[in-house]
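Q: I would like to learn how to read contacts and helix packing in a model. Please take me through them.

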Amino acid sequence: MKEEIRTLLEDLLPLVDFDSDFLFSELNSLDVTTILMSLSDKYGIKLEATDATPKNLKTLDSIVALVERKLQEKQA
Amino acid sequence: MMTLEDYLAQDARLYPDKAAAICGAETCSYRELYERVKVRAADFSDRRGQVVLFRASQTIDFLVDYFAIHMAGAVAAPLERDTPVDVYEKLSQKLTSCTIPEGIADVLYTTGTTGHSKGVMISHRTIIADAENLIQGQGFSHELVFIINGPLNHIGSLSKVFPVIILGATLNIIEGMKDINRFFEALDYPAQKMATFFVPANVRILTQFSADKLASYAEKIDFIECGGAPLPHSDMLELCRLLPKTRLYNTYASTETGIISTYNYNDGRCLVGCLGKPMPHSRIIISPEGHISCQGDTLMSGYIGEPELTATVLRNDTVYMADLGSIDDEGMLHIGGRQDDVINVGGYKVAPTEVEDAALLLSGVKDCICISAQHPITGNALKLLVVMPDGEQLNKRKLALHLRERLEFYKVPMLYEQVEAIERTYNGKLNRKYYREQTD
């Protein structure tokens with residue numbers, strides 16, 4: 001899933017370094033919204049703007065963890 | 001005439017302990033703010049009559065610098081905080097040879113109506129006229145807490161500082177809308193009336209991902225101004241549904257014209273493209289060809305160091321816009337499109353040639369054109385169509401990073417596509433009309 005998310009987001013946000021350990025600080029509000037929209041569309045999960053915290057978007061791994069958590073919530 | 005700094009001094013006398021500005025955990029009373037400005041003004045005492053370039057930031061320090069520069073008799077020229085170093089230095093050098101008319105307060109850099117970055121001179125009189133327009137047109141009040149979420153070097157956000165200071169109200173400055181939790185925390189501030197300014201992308205983010213949360217503040221949000229670019233009708237209707245009692249304004253404004261007209265679309269009619277009646281200090285004229293021009297005290301004084309360019313836009317105390325519009329039977333302005341090549345992206349105006357010139361500097365880019373394309377968040381976005389040498393693939397990231405080193409962030413396209421060739425007119429010019437028609 002990680003590589004799938006990386007490919008998806010790198011294509012949409014070519015300026016962003018998704019290997020960064022400080023990903024959130026690299027993003028602007030449009031980037032954040034693009035991430036939320038593309039992930040909710042791709043995985044059919046319900047994301048809120050309040051999910052876009054510095055912690056949830058700190059690294060690509062934390063984004064993957066957010067998606068996995070939302071998928072689990074969806075199945076529950 | 002009182003200046004903004006005179007009003008600040010008055011606020012410090014009348015409401016010394018009232019919060020003038022909040023930024024995260026920092027709160028600055030009117031007394032503290034005025035004292036900080038007086039101390040800081042001493043640092044600019046040798047700059048009287050000169051333009052002081054400085055990088056904008058979402059901080060109380062920015063406000064202190066801004067007011068202090070005025071207080072020292074200098075002219076404030078706030079730039080995007082990420083302005084590339086060479087751009088900053090070129091501007092700085094250019095400004096040393098410029099003559100500045102009497103009464104100028106600010107130089108704000110914009111692409112604006114001409115399609116190239118220019119320094120728009122704003123007078124102290126204009127600042128007060130903008131403030132009075134906003135107070136009367138939108139109902140700014142002493143009790144209001146205004147959340148600034150956009151860059152303070154941009155007229156959209158900077159202009160809201162003016163009425164707040166005149167009325168002794170409160171500013172709450174946040175670092176953009178990236179972390180929506182910070183925006184909602186700002187709304188939690190103990191105040192009866194809150195207001196803010198949004199560009200269309202902000203509205204889309206909130207209605208798409210935080211509709212219920214936004215609606216929970218319906219009683220508290222006094223008004224929201226939307227500007228920068230037209231708001232899609234679906235977003236206007238959604239905001240009206242979420243915030244039924246809030247005044248929701250679409251405004252006609254630009255750095256060159258100042259704040260001209262405003263329309264509360266939460267009036268049961270929600271008219272698309274309507275920007276309301278001219279405010280007290282403004283007049284709107286529509287030419288026989290349908291172009292909008294503006295008059296009144298909110299107009300710029302000209303482009304700094306560009307008298308010839310100024311004359312193409314500002315003549316006979318009138319600013320001639322590239323926008324098309326009409327006035328209805330109620331005297332309200334309705335806006336059409338633009339009749340030039342400038343692309344409006346989320347409230348920022350971009351000259352495509354500037355993007356293309358920067359892209360062509362990258363080795364391997366044979367030809368390119370920067371066009372407007374539809375985007376689910378911003379409504380539209382910059383798209384760069386690129387021709388590469390035979391057999392070579394476009395590296396989007398490399399090109400985007402190349403552009404980012406040379407241009408302000410909002411000029412870097414979000415979308416890229418490799419194409420075989422760029423459409424040109426019979427005389428070899430880029431065929432922008434062809435691509436506009438494709439997008440429409």
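Predicted model: local features only at pLDDT ≥ 70, side-chain atom pairs only at ≥ 80, totals over all residues.

Q: How many residues does the contact take from chain A and from chain B?
A: Two residues are in contact if their C-beta atoms, placed from the backbone, lie within 7 Å. Here chain A gives 18 residues and chain B gives 23 residues. On the side of chain A that touches chain B, 11 residues are nonpolar, 6 polar and 1 charged. Ala, Val, Leu, Ile, Met, Phe, Trp, Tyr, Cys and Pro count as nonpolar, Asp, Glu, Lys and Arg as charged, and the others, Gly among them, as polar.

Q: Which domains does the assignment give for chain B?
A: Domain bounds come from an automatic or database domain assignment. For chain B these are domain 1 (4-338) and domain 2 (351-439). The contact between them takes 12 residues from domain 1 of chain B and 8 residues from domain 2 of chain B. The domain 1 side of chain B has 5 nonpolar, 4 polar and 3 charged residues. The C-alpha centres of the two domains of chain B are 30 Å apart.

Q: At what angle do helix 1 and helix 6 of chain B pack?
A: Two packed helices are described by the angle between their axes and the distance between the axes. Helices (H or I, at least four residues) are DSSP runs, numbered from the N terminus. Axes are lines fitted to C-alpha atoms, for helices over the stretch in contact, and angles run from 0 to 180 degrees between N-to-C directions. Helix 1 (residues 4-14) and helix 6 (residues 155-167) of chain B pack at about 40 degrees, with axes 8 Å apart. That makes helix 1 of chain B oblique to helix 6 of chain B; angles under 35 degrees count as roughly parallel, over 145 as roughly antiparallel, 65 to 115 as roughly perpendicular and the rest as oblique.

Q: Which residues of helix 1 and helix 6 of chain B meet?
A: Leu4(B), Tyr7(B), Leu8(B) and Asp11(B) in helix 1 of chain B meet Phe162(B), Ile165(B) and Ile166(B) in helix 6 of chain B. By class, this contact has 6 nonpolar, no polar and 1 charged residues.

Methods
Residues numbered from 1 in each chain as written. Chains lettered and ligands numbered in written order. Helix = DSSP H or I, 4+ residues; strand = E, 2+ residues; numbered from the N terminus.
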